[in-house]
Amino acid sequence: MIDNSSAFRVKKALGLFMMFSLLAFAAMPTLWVLILSIREQSAVFQPIWESPLAVTLENFLSIGRSDFPRALLNSFITAGTATVLAMIVGVPAGFALAKARLSGKFIASWILLLLRMAPPVGFVIPLFITYVNAGLIDTYTGLIFAYMTLTLPLITWSMWNSFSQIPDELIEAAIMDGASLTKAFALVAVPAARPGVVAAAILGFLVAWNDFFFALIITRSSTTTAPVAVMNFISYDSVDWASIAVASIALTLPILPLMAIANRYIVQSLSGAVKG
């Protein structure tokens, strides 16, 4: 008969086996991309054990000589600017919705939720027509404002939730001490909701950074972003899988340090900005 300690060890071993199996399964695409990025073009579809030495750095060098670095810069400019502008507008808007006594703020919440959940294809046609008439096609300004339609509702909704967790007494105490509402917001509310602010900024940047649809419709040669530039490695009669793998790595690497630095802020935001 199996005692409790043996049964516990068996369950623990099975749990670890399942966990590592799932991790290995989830890591397979990433590992495959890394392998493809250093494989020679002629050996991309060959089993690794048949040509283990068919490795090269030419794929990285060819990416550097292409227009892809410029597309990465365009992604940084547009996603970063759209995030900053959305934070400038969305953080005070979230504070107002959380703390102001507004009769229509729940209607505003549903509008924000609708804007966040609505598929971009639903309003890209009127946006495109407006941009054509305004001369904003293939411009940074046009792409930035298009990205704000994605990031602003997300940031406002997120900051509303973060500021709602701050006790009203904290803001009232600052005002009673002589601070104006603006100072109470800037010196009390924002620092108290810092995890939510960082999390909202990161999520907004990621949404803009990973966008493909808006950039495909609005940009041309001058402002092409990195997700759209990946399509340049696909031609009518061939697909440059190795270059696509390198481009995927280049798209992912800038995000990793950001996520590593801000990981604890995202966790704190999910668990509550203010406790006690």
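**Exercise 1. Decide whether Glu 58 is buried, partly exposed or exposed, and find its salt-bridge partner.**

*Solution.* Start with the accessibility of Glu 58 in this predicted model, which is 36% in relative terms. Buried would need a value under 20% and exposed a value over 50%, so Glu 58 counts as partly exposed.

Next, look at the end of its side chain. Glu 58 forms a salt bridge with Arg 65, and the N to O distance is 2.4 Å. A salt bridge requires the nitrogen and the carboxyl oxygen to be within 4 Å, so this pair qualifies.

Finally, check the partner. Arg 65 has a relative accessibility of 57% and therefore counts as exposed.

**Exercise 2. Find the salt bridge made by Asp 168 and say which helices it links.**

*Solution.* The side chain of Asp 168 meets that of Lys 99, with 2.7 Å from N to O. Now place both residues: Asp 168 belongs to helix α7 (residues 168-176), while Lys 99 belongs to helix α3 (residues 68-99). They are 69 residues apart, so the pair links distant parts of the chain.

How exposed is Asp 168? Its relative accessibility is 40%, so Asp 168 counts as partly exposed. To close the search, the model has a count of two salt bridges.

**Exercise 3. Describe how α7 packs against α8.**

*Solution.* Two numbers are needed here, because two packed helices are described by the angle between their axes and the distance between those axes.

- Step 1: the angle between α7 and helix α8 (residues 181-192) is about 140°, and the axes lie 9 Å apart.
- Step 2: roughly antiparallel would need an angle over 145 degrees, so α7 and α8 are oblique to each other.
- Step 3: the crossing of α7 and α8 is right-handed.
- Step 4: from α7 come Leu 170, Ile 171, Ala 174 and Ile 175, which meet Leu 181, Ala 184, Val 188, Ala 189 and Ala 192 of α8.
- Step 5: sorted by class, the contact of α7 with α8 has nine nonpolar residues, no polar ones and no charged ones.

**Exercise 4. Which residues does Thr 156 touch, and is Thr 156 buried or exposed?**

*Solution.* Begin by locating Thr 156: it lies in helix α6. Its relative accessibility is 4%, so Thr 156 counts as buried. Leaving aside residues up to four places away in sequence, Thr 156 touches Gly 90, Ala 93, Gly 94, Leu 97 and Leu 112.

**Exercise 5. Compare two loop residues, Asp 138 and Val 121.**

*Solution.* Asp 138 sits in the loop between α5 and α6 (140-164). At 18% relative accessibility, Asp 138 counts as buried. Its backbone deserves a look too: phi is positive, about 60°, although Asp 138 is not a glycine.

Val 121 is in the loop between α4 (105-117) and α5 (124-134). With 53% relative accessibility, Val 121 counts as exposed. From Val 121 to Ala 134, 13 residues apart along the chain, the C-alpha atoms are separated by 20 Å.

Conventions. Residues are numbered from 1 along each chain as its sequence is written. This is a predicted model: local features need pLDDT of at least 70, side-chain atom pairs count only at pLDDT 80 or more; totals for chains, interfaces and linings use all residues. Side-chain values use heavy atoms; hydrogens and water are left out. Buried means under 20% relative accessible area, exposed over 50%, partly exposed in between (1.4 Å probe, protein chains only). Helices (H or I, at least four residues) and strands (E, at least two) are DSSP runs, numbered from the N terminus. Axes are lines fitted to C-alpha atoms, for helices over the stretch in contact, and angles run from 0 to 180 degrees between N-to-C directions. Angles under 35 degrees count as roughly parallel, over 145 as roughly antiparallel, 65 to 115 as roughly perpendicular and the rest as oblique. A crossing is left-handed if the near helix is turned anticlockwise from the far one by less than a right angle, and right-handed if clockwise. Contact means heavy atoms within 4.5 Å. Ala, Val, Leu, Ile, Met, Phe, Trp, Tyr, Cys and Pro count as nonpolar, Asp, Glu, Lys and Arg as charged, and the others, Gly among them, as polar.
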